[in-house]
Amino acid sequence: MVAMAATVAVVYPHMNGLGGDGFWLVREPKGRVHAIDASGPAGALATIKRYRTKGYDAVPPRGPDSALTVAGAVAGWELALELARALGGQLPRELLFGDAIRHAREGYPVSRSEARFKTSEEAALYAVPGFAEAFLAEGKRMSAGTLRQTTRLADTLEQLAHAGLRDFYRGDIGREIAADLERIGSPIVRRDLETYRARVVQPLSLRLRGSTIYNLPPPSQGLATLMILGMFERLKATRGESPEHHHGLIEATKRALGISASVVTDPLHLAHDPAGCLASSALEREAARIDIGRAAPFPLRHSPEGGTVWMGAVDQDGLAVSYIQSVYWAYGSGCLLPKTGMLWHNRGAAFSLDPASRNPLEPGRKPPHTLNPPLAAFDDGRVLAFGTMGGETQPQILGQIFTRYRLGMGLADTVEAPRWILDKNRDSETGVLRVENGFDPTVMRALSRLGHRIDEMDESDAERFGHAGMVLRQPRNGRVEAAHDPRADGGALGL
């Protein structure tokens, strides 16, 4: 997984990179589950006063002032490799990073997804110093297949392979990162990097019929995904791809996202234990508030954003990994650090400049995260790692693919099937149900009669519906099945 994470950080820069965050779930063959929170906090100079003085009403999504949280992904790789060594892993970093270094130095073709991906705040992104030179050709997005070399990023990866991953924070690489961030005016200082550590945390878990599903606790929105599945099970929908299936899932999603938004924050600032939201009594109470005959209103103030990569892996012994890493919005802050060649994320855009808000900007505080990489262990021995990109829509997409699988779809059909997402309406704050092209028209008509405001999308909007994947290990013969999203450039490989 570390080898994949390093390589995709080079060749998929619009969705992830060394300058981003990550979250891990690792399940040992005997059932023990490990969770790693590799998300970074706000820098020492990232205060509300600083941003208000600059005239901001909100944290900007692009530019140096959006590059305000430490990037945790590489520290997560370090913890994952420590766990791997404890389990007998012996592969050296030089081998794990070999493909990433080669692609960065010799060049890689711009992916189909990067060439067509639609970003918001695009003019602001292109204006960030250094962005156009790295990612545009004659002022326009590079076409798919264009060869791009990133030699400074290759040098950075070689140094990490040689000196160790701690060098990213407390060595020569860390010194260069801090100097570059200071040069562009980011509120992150050298001390923020030196003191940062990824953390091993207690995963959230939810007991369903015949399985247990795991996810990350706050600041991840793993809580929302688990709540959706817990509420949906209590609605007792048994027929997949029926109006009852999708209406129940949509309504569970509305309730879960509302609760999650009021709960998820920096783990040091939680008002109460999020596991309480997953108690059977709490899920029963919330499910009972769902009207199975009518859609509830669901206001949305903004359209979901997100650029992310999810990956899953399982070995012959049943060791399974579900992992996600991201730069938040496509291309993150847009700030390319010249000394190291890495693009820095803009996760701090999720903070509020209102000190009374649930997630106010404060030095050392973590912002709320859209990232969540679930993993399910079935009572019959099956182990399923699954996930998706999609920003705030991740729990919605995860709810659809997991329940489709549970209700009888095969892995490939599950990942390929058309999806829906709750999105902001263009002319109001009322949520609209955007439905992917190819969705069953009978189900859409039924959902419309239930009060859902439906907007059918065309094929050009495929990126909005996530890049999902699933990896399943069967217990009897050790057979592994995997499916990747046709909307993306991913793949499913056996080694």
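Helices, of at least four residues, and strands, of at least two, are DSSP runs, and they are numbered from the N terminus. The model described here is a predicted one.

## A sheet of five strands

Strand β11 belongs to an open sheet of 5 strands, whose order is β7-β2-β1-β11-β10 and whose pairing is antiparallel. At the edges of this sheet are β7 (199-201) and β10 (307-314), each of which pairs on one side only. From one strand to the next, the twist averages 15 degrees.

Inside the sheet, strand β1 (residues 21-27) runs antiparallel to β11 and is joined to it by 7 bridges, and in this pairing Trp 24 stands opposite Tyr 323 in β11. Helix α1 (residues 2-11) packs on the sheet, where it touches β1, β10 and β11, and the direction of α1 makes about 155 degrees with that of β10.

The largest nonpolar core has 66 residues, and the members that touch the most others are Leu 18, Trp 24, Trp 77, Phe 97, Phe 168 and Trp 344. Helix α3 (residues 73-86) gives the largest share of this core, with 8 residues. Apart from this core lies another, of 50 residues, including Leu 229, Leu 283, Ala 376 and Phe 378.

Which residues does Trp 77 touch, not counting those up to four places away in sequence? Among them are Leu 18, Trp 24 and Phe 97, and the list also includes Val 2, Ala 5, Ala 6, Leu 165, Tyr 323 and Gln 325.

## A sheet of six strands

Another open sheet is formed by 6 strands in the order β8-β9-β14-β15-β19-β20, and here too the pairing is antiparallel. Because β8 (204-208) and β20 (480-484) stand at the edges, each with a single partner strand, one side of each is left without a neighbour in the sheet. The twist in this sheet averages 15 degrees from one strand to the next.

Strand β14 (residues 375-378) and strand β15 (residues 383-388) pair in the antiparallel sense over 3 bridges, with Leu 375 standing opposite Ala 385 in β15. Helix α16 lies across β8, β9, β14, β15 and β19 (468-473), and α16 runs at about 145 degrees to β15.

## A buried strand and its partner

In strand β16 (residues 420-424), 5 of the 5 residues are buried, so the strand is described as mostly covered. Strand β16 pairs with strand β17 (residues 431-435) in the antiparallel sense, over 5 bridges, and Trp 420 stands opposite Val 435 in β17.

## Helix α14 and its two neighbours

From α14, the residues His 245, His 246, Leu 249, Thr 253 and Leu 257 meet Pro 395, Gln 396, Gly 399, Gln 400, Thr 403 and Arg 404 in α16.

Most residues other than glycine have a negative phi, and most peptide bonds are trans. Against that background, Tyr 328 has a positive phi of about 75 degrees although it is not a glycine, and Tyr 331, also not a glycine, has a positive phi of about 70 degrees.

Is Tyr 328 buried or exposed? Buried means under 20% relative accessible area, and Tyr 328 counts as buried because its relative accessibility is 9%. Tyr 331, which lies in the loop between β11 and β12 (336-337), is buried too, with a relative accessible area of 0%.

A cis peptide bond runs from Pro 218 to Pro 219, with omega near 20 degrees. Pro 219 lies in the loop between β9 (211-215) and α13 (222-234).

Methods. Residues are numbered from 1 along each chain as its sequence is written. This is a predicted model: local features need pLDDT of at least 70, side-chain atom pairs count only at pLDDT 80 or more; totals for chains, interfaces and linings use all residues. Side-chain values use heavy atoms; hydrogens and water are left out. A nonpolar core is a set of buried Ala, Val, Leu, Ile, Met, Phe, Trp, Tyr and Cys residues joined through side-chain atoms within 4.5 Å. Buried means under 20% relative accessible area, exposed over 50%, partly exposed in between (1.4 Å probe, protein chains only). Contact means heavy atoms within 4.5 Å. Two strands pair if DSSP finds at least two bridges between them. Axes are lines fitted to C-alpha atoms, for helices over the stretch in contact, and angles run from 0 to 180 degrees between N-to-C directions.
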